[in-house]
Amino acid sequence: MYRALPGQPVQLWKRASVHLQNLAYDAGRDSLWFINENQPNRVVYRIPWPRFAGPLATLTGAGDLTGDGRPDLLAVDTAGKLWQYAGNGKGGYQPATGLGAGWGAYTQLVGAGDLTGDGKADLLAVDGSGQLWRYPGTGAGGFGTRVPMGAGWGAYTHLIATGDLTGDGHPDLLAREATADHAYWLYAGTGTGGYGNRAAWTFGT
């Protein structure tokens, strides 16, 4: 998840086996763009974007929330309302579905994947006090009751859902520290809704 600031695009990166794909949300224009970095051809085009009243404050890839096998998006508008954009399987998204208010209290939202092993995509949220919460996905386009996962997460500027980095079949999490060296830490998923102890992470090693 990245905050959308006026005039600045929000980058949502997804590493594929051959090339790097980028979804970029331009808050100033309320536009969603897809960039295919497959060299030597660099394809940039605008994705059909079902608009609704009000600009977005937060946008995050959420995995398959509806159980149809297609990746979805979650967005929080500037009024703090949560919206779900279900993927249509044709390179775009269906009109937004409201999932409730009060989400402006969170500084970060992360589509974390299936953390509990039930086959449903879950959501992580960090509130203003640094408390981390897990919202278990229902598989039908919603979430169950939030579960506390510990304090101190406000020390990180970014939480990045990476998929399974450790090869154990469980989705992991990278956390970027708000220090001068911007250290990264790996939190290995346990498969039961949580993470193990953090370990230092260096890219390219």
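The protein has 17 strands and zero helices. The model is predicted, with a mean pLDDT of 81; 73% of the residues reach 70 or more. Over residues 1-21, however, the pLDDT is below 50, although this stretch has 59 contacts in the model beyond near neighbours in sequence.

**Overall burial, surface and contacts**

- Of the 205 residues in the protein, 43% are buried.
- The accessible surface of the protein amounts to about 10200 Å², and carbon and sulfur atoms account for 54% of that area.
- When contacts between residues at least 6 apart in sequence are considered, 27% of them join residues at least 24 apart.

- An open sheet is built from four strands in the order 10-11-12-13, with antiparallel pairing.
- Its edges are strand 10 (106-113) and strand 13 (147-148); each has a single partner strand, so one side of each lacks a neighbour in the sheet.
- Strand 12 (residues 132-135) runs antiparallel to strand 13 and is joined to it by two bridges.
- Within this part of the sheet, R134 lies opposite V147 of strand 13.

- Strands 15 and 16 run antiparallel and are connected by four bridges.
- R176 is placed opposite Y184, a residue of strand 16.

**H182 in the loop between strands 15 and 16**

- The loop between strand 15 (172-177) and strand 16 (184-187) contains H182.
- The phi of H182 is near 50°, which is a positive value in a residue other than glycine.
- Most residues other than glycine have a negative phi.
- H182 counts as partly exposed because its relative accessibility is 34%, a value between the limits of 20% for buried and 50% for exposed.

**Strand 6 and its pairing with strand 7**

- Strand 6 (residues 56-63) is largely enclosed by the rest of the structure, because six of its eight residues are buried.
- Six bridges pair strand 6 with strand 7 (residues 72-77) in the antiparallel sense.
- G63 stands across from D72, which belongs to strand 7.

- Q84 is located in strand 8 (residues 82-85).
- Its relative accessibility is 5%, so Q84 counts as buried; the limit for that class is under 20%.

Definitions and conventions. Residues are numbered from 1 along each chain as its sequence is written. This is a predicted model: local features need pLDDT of at least 70, side-chain atom pairs count only at pLDDT 80 or more; totals for chains, interfaces and linings use all residues. Side-chain values use heavy atoms; hydrogens and water are left out. Buried means under 20% relative accessible area, exposed over 50%, partly exposed in between (1.4 Å probe, protein chains only). pLDDT is the predictor's confidence in each residue, from 0 to 100. Contact means heavy atoms within 4.5 Å. Accessible areas come from the Shrake-Rupley method with a 1.4 Å probe; for residues, only the protein chains shown count as cover. Two strands pair if DSSP finds at least two bridges between them.
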